[in-house]
Amino acid sequence: MMYVVEHSKENCLLKGVLSGVMGAGMGISFGVFFGTFEGCHGEMLGQTTAEQLKFAAKQTVICTYRRCVNYAATFGILGVVLTSGICWMAKWRGKDDQWNSIVSGAIAGGAWGGFAARKES
């Protein structure tokens, strides 16, 4: 584990992968938090209260899972693209200034837009 931490400062690919894993973890935690609010609103199917609660719990789990996957993919991709881009720009240009973050942010925004457009079509 210490090897990964020590060498992540030098290796852009490793830094990007770590950022993607951490972004996916953050996305999962956001998905769990926000997915529970989305659960079952509106019509409650079932005759008895127990059937209605079972339906509502099932819908909440389904919505939470979908939200987790969506957020994990989004934050993971953004983490990989942004962090790798900043690192590679700094190595390519030979200096570490705000332009690395600006250009990498534009690239990450384009990747996010492409990812969102792919899902809608």
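User: Is Cys63 buried or exposed?

Analyst: This is a predicted model. In it, Cys63 has a relative accessible area of 13%. Buried means under 20%, so Cys63 is buried.

User: And Cys68, buried or exposed?

Analyst: Cys68 comes out at 11% relative accessibility, so Cys68 counts as buried too.

User: OK, how many disulfides are there?

Analyst: The count is 1 disulfide. Cys12 and Cys87 form the disulfide, and their sulfur atoms sit 2.0 Å apart.

User: Where in the chain are those two?

Analyst: Cys12 belongs to helix α2, which covers residues 12-38. Cys87 belongs to helix α3, which covers residues 49-93.

User: Which hand does the link of Cys12 and Cys87 have?

Analyst: The link is left-handed, with -75 degrees about the S-S bond.

User: Are Cys12 and Cys87 buried or exposed?

Analyst: Both Cys12 and Cys87 are buried.

User: Switching to aromatics. How many aromatic pairs does the structure hold?

Analyst: There are 5 aromatic pairs in the structure. One of them joins Phe30 and Phe34, with ring centres 6.1 Å apart and planes at 80 degrees.

User: Why is the pair of Phe30 and Phe34 edge-to-face?

Analyst: Planes over 60 degrees apart count as edge-to-face. The planes of Phe30 and Phe34 are at 80 degrees, so this pair is edge-to-face.

User: Where do Phe30 and Phe34 lie?

Analyst: Both are in helix α2. Phe30 and Phe34 are 4 residues apart, about one turn of the helix.

User: What about Phe33 and Phe34?

Analyst: The rings of Phe33 and Phe34 have their centres 5.0 Å apart. Their planes are at 75 degrees, so the pair is edge-to-face.

User: What two values describe a ring pair, in general?

Analyst: A pair of aromatic rings is described by the distance of the centres and the angle of the planes.

User: How accessible are Phe30, Phe33 and Phe34?

Analyst: Phe30 has 33% relative accessibility and counts as partly exposed. Phe33, at 47%, is partly exposed. Phe34 is partly exposed as well, with a relative accessible area of 37%.

User: Last one. Which residues do the ring pairs link into a cluster?

Analyst: The cluster consists of Phe30, Phe33, Phe34, Tyr71 and Phe75, linked by ring pairs.

Conventions:
Residues are numbered from 1 along each chain as its sequence is written. This is a predicted model: local features need pLDDT of at least 70, side-chain atom pairs count only at pLDDT 80 or more; totals for chains, interfaces and linings use all residues. Side-chain values use heavy atoms; hydrogens and water are left out. A disulfide is a pair of cysteine sulfur atoms within 2.5 Å. Buried means under 20% relative accessible area, exposed over 50%, partly exposed in between (1.4 Å probe, protein chains only). Rings of Phe, Tyr and Trp (its six-membered ring) pair if their centres lie within 6.5 Å; planes under 30 degrees apart count as stacked, over 60 as edge-to-face and the rest as tilted.
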